[in-house]
Amino acid sequence: MCSLLSSSLHGAFVFTMLSCVLSRGFCQVVAEVNRRSYPTFGSVLRTFTTSSPKCGEASDSASVVTYSQLKTMLSNRDIQLFDVRNPDEYQAGRIPDAVNIPLGNLEESLKLSPERFQQTFEVKAPGKDDDNIVFHCKSGNRSAKALDIARQLGFSRARHYKGGYSEWAEQEGK
């Protein structure tokens, strides 16, 4: 009887150990397949907490033009600069060669035909693939919204001058 019990316990123990090893191997295989096929909660959470832009904020640093980049683009005459401030702000002080299109009129203006855009603003209409489109405002908030509008309309390479006229005036000593 003792040997039967011992052999039974031994068999149960072996069966349990074998089950653990197999199930652990199975679990590892399933975990690896899931890891490769489906995002984990952690990776989804990281996506939403680290890479999503805030409302009204440009989606990445490549969307932002610095003061020195703006100066270079202006000196090379390789820029389509749009000031999205109100006309009274624009009249009070502006960056050279900037075209005033108030934020409230931007979407309808960017939807104009190239001919109508040129008639209205006396400059060539921006193209959807142009990489020299830059929006600016006073401090970067409205230009970030302008950038969002432009991107939604397909101007995927447009950028904004985050420092705005405030930084420009300070740097230029105005």
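pLDDT is the predictor's confidence in each residue, from 0 to 100, and contact means heavy atoms within 4.5 Å. Where pLDDT is low, the predicted coordinates should not be read in detail.

Some ground rules. This is a predicted model, in which local features need pLDDT of at least 70 and side-chain atom pairs count only at pLDDT 80 or more, while totals for chains, interfaces and linings use all residues. Residues are numbered from 1 along each chain as its sequence is written, and side-chain values use heavy atoms, with hydrogens and water left out.

The mean pLDDT of the protein is 78, with 66% of residues at 70 or more. Helices (H or I, at least four residues) and strands (E, at least two) are DSSP runs, numbered from the N terminus.

Next, Arg-85. Arg-85 sits in the loop between strand 2 (80–83) and helix 4 (87–92). Is Arg-85 buried or exposed? Arg-85 is buried, at a relative accessible area of 4%; buried means under 20%, exposed over 50%, and partly exposed in between, with a 1.4 Å probe and protein chains only. A polar atom of the Arg-85 side chain lies 2.5 Å from the backbone oxygen of Gly-93, and the side chain also reaches the backbone oxygen of Glu-89 at 3.4 Å. Leaving aside residues up to four places away in sequence, Arg-85 touches Tyr-90, Asn-100, His-136 and Tyr-165, among others.

The largest nonpolar core has 20 residues, and Leu-106 and Phe-135 have the most contacts inside it. A nonpolar core is a set of buried Ala, Val, Leu, Ile, Met, Phe, Trp, Tyr and Cys residues joined through side-chain atoms within 4.5 Å. Helix 5 (103–110), helix 6 (114–121), strand 4 (133–136) and helix 7 (141–152) each supply at least two residues of this core. Helix 7 gives the most, four residues. Apart from this core lies another, of 15 residues, among them Leu-70, Tyr-90, Ile-95 and Ala-98.

Methods:
A polar contact is a pair of N or O atoms within 3.5 Å; within protein, one must be able to donate a hydrogen and the other to accept it, and residues adjacent in sequence count only if both atoms are side-chain atoms.
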